[in-house]
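Work through the following exercises with the sequence and the model open. Each task is followed by its solution.

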Amino acid sequence: MSKLFYFCFMLKRTYNILLVEDNPGDIRIIKEVLSKSRFSTNLITVFDGEDVISYLEQASLKLKSFPDIIILDLNLPKLNGIEVIREIKSKKKFRQIPIIILTSSKSDIDINDAYKNYANSYIVKPINFNDYSENFLEILEYWFNIASLPYSK
């Protein structure tokens, strides 16, 4: 495959993002940033920890594509983010999906627990809208342009 073809293919690829967030303000910011991003994305949003597991199980049963990345808040209803990571990483069929923690918690305990349970990244949400937007664009740039993602069916 030529480099030019590969470059064009990668620019046209649509990336599936599973956003696990219960704060409507954060969801709105992320949608706005995605609308201005150079990447083509499909955003799936779920609002609590149990919905993440349900979504992945249904995607698995229906042979739908798994998300390319999961953006996960820690402070969620029903199952918290750490419980969600444990559940996802305990299942072989979901283990390869990168999980990026995007949370307001700066707690060393949360950070250590996230990585101990195989989170791929831990990012503290900036308070300022511009910083939040900039950081989210950098997350996309890293995961969709620099990193090599696993194949999802």
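The exercises below treat a strand, a helix and the nonpolar cores.

The model is predicted: local features need pLDDT of at least 70, side-chain atom pairs count only at pLDDT 80 or more, and totals for chains, interfaces and linings use all residues. Residues are numbered from 1 along each chain as its sequence is written, and side-chain values use heavy atoms, with hydrogens and water left out.

**Exercise 1.** Determine which way the residues of β4 point and what the strand pairs with.

Solution. Helices (H or I, at least four residues) and strands (E, at least two) are DSSP runs, numbered from the N terminus. Buried means under 20% relative accessible area, exposed over 50% and partly exposed in between (1.4 Å probe, protein chains only).
1. In a regular strand, side chains alternate between the two faces of the sheet.
2. In β4, Ile-99, Ile-101 and Thr-103 point one way, Ile-100 and Leu-102 the other way, and all are buried.
3. Strands pair if DSSP finds at least two bridges between them. β3 and β4 run parallel and are joined by three bridges, with Ile-71 opposite Ile-100.
4. β4 is also parallel to β5 (residues 121–124), through four bridges; here Leu-102 has Ile-123 as its bridge partner.

**Exercise 2.** Check the length of helix α2 and locate its buried face.

Solution. 
1. The expected span is 1.5 Å times one less than the number of residues.
2. Asp-26, Ile-27, Ile-29, Ile-30, Val-33 and Leu-34 are the buried residues of α2.
3. Down the helix axis these fall within an arc of 160 degrees, so they line one face of α2; the arc is that of the directions from the axis to the C-beta atoms.
4. Pro-24, Arg-28, Ser-35 and Lys-36 are exposed on the other side of α2.
5. The buried residues of α2 pack against β1, β2, β4 and α6 (129–146).

**Exercise 3.** Find the residues that touch the most other members of the largest nonpolar core, and the element that gives the most to this core.

Solution. A nonpolar core is a set of buried Ala, Val, Leu, Ile, Met, Phe, Trp, Tyr and Cys residues joined through side-chain atoms within 4.5 Å.
1. The largest core has 25 residues; Leu-18, Leu-56, Ile-70, Leu-72, Ile-88 and Ile-101 touch the most other members.
2. α3 gives the most, with five residues.
3. Apart from this core lies another of 22 residues, including Val-33 and Trp-143.

Methods
Contact = heavy atoms within 4.5 Å.
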